Amino acid sequence: MQRGIDFLGCDTAILCGAMSWVSERNLVSAISNAGGFGVIACGAMTPELLDAEIAATKSLTDKPFGVNLITMHPMLFDLIAVCKKYNVSHVVLAGGIPPKGSVEAIKEFGAKVIVFAPTLALAKKLLRSGGDALVIEGMEAGGHIGPVATSVLAQEFLPALAEDNIVFVAGGIGRGEAIAGYLEMGAVGVQLGTRFACAAESIAHPDFKKAFFRAKARDAEASVQVDPRLPVIPVRALKNKGTEEFTAKQIEVAGMLDRDEVDMGEAQLQIEHFWAGALRRAVIDGDVENGSLMAGQSVGMVTSEEPVADIITQLMEQCEHALAAR
Ligand SMILES: Cc1cc2nc3c(=O)[nH]c(=O)nc-3n(C[C@H](O)[C@H](O)[C@H](O)COP(=O)(O)O)c2cc1C
């Protein structure tokens, strides 16, 4: 983990993955103040909103934290400029292949770039072309997911990359014993989302948190793709009425494609806007029926509201105990 700690500049290489609406100033600063690494979820924010969020987070912590930018955001380069203004130390590029010039624009002001990659070939390419660290994220995770399990990705990516590169593992991690396993395989740290979403410092609505506390692993289901022409990235969330609404939304957007009312890029953007709106309804308004309850399969291990510092301490104790017993 020391390599991960040195890379992030914090005490424990446990990142709290960016969660739209959840990973804002309060949770991010709490994570970083507790020795982990918080990441602001920019999501669909405007540059002005991101500016305010970074400033507010800086007022709550003097520890390092990152900013997660979605590569398909139409104002990506303006958002990068905001990160530059605040000298953000780490920028995470999520949601697709970084567009031309984006990695360079981030490195130009001295920040480290953290990337995601669904295949080993792409991971190698991104690390060769400027990515400083990689997160591999399996389909157990909450939110947007790929098709392969974390355990399989770890076996495929870590032996090939871990010696010469900084690699974090994400997806389905709920306890420290699992962290120990990935560290032994060469990961320098881990990223968790679901386990932190309901922390005491998280501003998620009490009803959102209650839904997490009740849920079991099997309740966190991946969305289904309705139309083969409309490539929709699956999203893992607790099953509710909102899940069905997503199916209806896909049918609506597929119809718009048929009638040439939108092109594929616009169609995909509409789908993403749907998620952003639905997640807001659940996280902020507490509408757990119609909103999106994005959650990973580790949700069954989230049973009560705990301070971030306690969660990190438990994870590290479990991890140390597992490693000491070997
Ligand atoms: C409610 C929720 C919202 C999320 N939103 C985002 C996001 O906006 N951007 C992103 O890159 N990842 C997002 N994620 C993924 C997390 O950053 C993290 O990688 C993931 O939760 C790790 O897997 P785990 O849930 O099994 O711990 C989200 C996850 C959850 C649970």
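How many salt bridges does the count come to? The count comes to 16 salt bridges. The model behind that number is predicted.

## Overall fold

The protein has 13 helices and twelve strands. Its C-alpha trace spans about 60 × 45 × 40 Å along the principal axes. The radius of gyration is 19 Å. A compact globule with 326 residues would have a value near 20 Å, so the two agree.

Buried residues make up 53% of the 326 residues. The protein exposes about 13800 Å², and carbon and sulfur atoms supply 55% of that area.

## Nonpolar cores

In soluble globular proteins, nonpolar side chains tend to be buried together. Here the largest nonpolar core has 95 residues. Leu 50, Ile 54, Leu 69, Leu 134 and Phe 196 have the most contacts inside this core. Its largest share comes from helix α12, residues 264-283, which supplies eight residues. There is also a second, separate core of 18 residues. Ile 5, Cys 10, Ile 114 and Ala 133 are among its members.

What does Ile 54 contact, leaving aside neighbours within four places in sequence? The partners are Ile 40, Phe 65, Val 67, Val 82, Cys 83, Tyr 86 and Val 88.

Asp 51 is found in helix α3, residues 47-60. Its relative accessibility is 18%. The cut-off for buried is under 20%, so Asp 51 counts as buried. Apart from residues up to four places away in sequence, Asp 51 touches Val 82, Lys 85 and Tyr 86.

Ile 80 sits in helix α4, residues 76-85. Its relative accessible area is 4%, and it is buried. Gly 189 lies 109 residues from Ile 80 along the chain, and 25 Å separates their C-alpha atoms.

## Helix α8

Which residues of α8 are buried? They are Gly 176, Ile 179, Ala 180, Tyr 182 and Leu 183. Seen down the helix axis, these buried residues fall within an arc of 170°, so they line one face of α8. They pack against several elements: β1 (14-16), α7 (150-161), β8 (166-170), β9 (189-192) and α13.

Just after α8, Gly 186 takes a positive phi of about 115°. The helix itself covers residues 176-184, and Glu 184 lies in it.

## Salt bridges

Side chains of opposite charge can pair when their charged atoms come close. Glu 184 and Arg 326 meet in a salt bridge, 2.3 Å from N to O. Glu 184 belongs to α8, while Arg 326 lies in the segment after α13 (308-324), so the pair ties together parts 142 residues apart in sequence. Glu 184 is partly exposed, at 48% relative accessible area. Arg 326 counts as exposed, at 55% relative accessibility.

The pair of Lys 210 and Asp 207 is local. Their closest N and O atoms are 3.6 Å apart. Both residues lie in helix α10 (residues 206-214), three residues apart, so about one helical turn separates them. Lys 210 is partly exposed at 45% relative accessibility. Asp 207 is also partly exposed, with a relative accessible area of 30%.

Arg 229 forms a salt bridge with Asp 227, with the closest N and O atoms 2.6 Å apart. Arg 229 counts as partly exposed at 39% relative accessibility, whereas Asp 227 is buried at 14%. Which residues do salt bridges that share partners join into one network here? Asp 227, Arg 229 and Asp 258 are joined in this way.

Notes
Residues numbered from 1 in each chain as written. Predicted model: local features only at pLDDT ≥ 70, side-chain atom pairs only at ≥ 80, totals over all residues. Heavy atoms only, no water. Core = buried A, V, L, I, M, F, W, Y, C linked by side-chain atoms within 4.5 Å. Buried < 20%, exposed > 50% of the residue type's maximum accessible area, 1.4 Å probe, protein only. Helix = DSSP H or I, 4+ residues; strand = E, 2+ residues; numbered from the N terminus. Contact = heavy atoms within 4.5 Å. Salt bridge = Lys/Arg side-chain N within 4 Å of Asp/Glu carboxyl O. Rg over C-alpha atoms; globule rule 2.2 N^0.38 Å. Areas by Shrake-Rupley, 256 points an atom, 1.4 Å probe, with all protein chains shown as cover. Arc of directions from axis to C-beta.
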